[in-house]
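Student: Could we look at a structure together and work through a few questions about it?

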Amino acid sequence: MKLIGVYSDPRRDNRRSIVSIAYALEFIPSVMTTKDGTNTPKAGDDAKEVIMVPLHEIGIKYKGGDWYADHLTILLDFKKLIAEESSVVREGELFEDIARSTCPSFS
């Protein structure tokens, strides 16, 4: 687990002031366990849906209007983090795809 950042700009959510702490985790479906036993991420009460988005399309194909609040900023910070991290092995699902949650409070 790697800290991406702490996001506390009071303008980040027009409903109320929210602070989010974002972490990067490697998603390995074969090792993941979900409540329903499918090992597939599902949206919960804080998310509308979960989809996979190719990392290289974040900020290019998927821009500001595709994300809630400052989630694009968080994902761009993640891309910058892994580009600068020389010790990171740049392969596997974490770097091919990133889960996106279109939700009001998941950051």
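Tutor: Gladly! Keep in mind that this is a predicted model.

Student: Let's begin with W67: is W67 buried or exposed?
Tutor: Buried means under 20% relative accessible area. The relative accessibility of W67 is 8%, so W67 counts as buried.

Student: How are the rings of Y62 and W67 arranged as a pair?
Tutor: A search of the whole structure turns up 1 aromatic pair. In that pair, the ring centres of Y62 and W67 lie 6.3 Å apart. Planes over 60 degrees apart count as edge-to-face. The planes of Y62 and W67 meet at 65°, so the pair is edge-to-face.

Student: Now for helix 1. How far apart are its end C-alpha atoms?
Tutor: Helix 1 covers residues 71-84, which makes 14 residues. At 1.5 Å a residue it should span 20 Å. The model agrees with this, as the end C-alpha atoms are apart by 20 Å.

Student: Where on helix 1 do its buried residues lie?
Tutor: The buried residues are H71, L72, I74, L75, F78 and I82. Seen down the axis of helix 1, they fall within an arc of 160°, so they line one face of the helix.

Student: Last one: which residues does I4 touch, not counting residues up to four places away in sequence?
Tutor: I4 lies in strand 1 and is buried, with a relative accessible area of 19%. Contact means heavy atoms within 4.5 Å. By that rule, leaving out residues up to four places away in sequence, I4 touches A22, Y23, A24, I74, D77, F78 and L81.

Definitions and conventions
Residues numbered from 1 in each chain as written. Predicted model: local features only at pLDDT ≥ 70, side-chain atom pairs only at ≥ 80, totals over all residues. Heavy atoms only, no water. Phe/Tyr/Trp six-rings, centres within 6.5 Å; stacked < 30°, edge-to-face > 60°. Buried < 20%, exposed > 50% of the residue type's maximum accessible area, 1.4 Å probe, protein only. Helix = DSSP H or I, 4+ residues; strand = E, 2+ residues; numbered from the N terminus. Expected span 1.5 Å × (residues − 1). Arc of directions from axis to C-beta.
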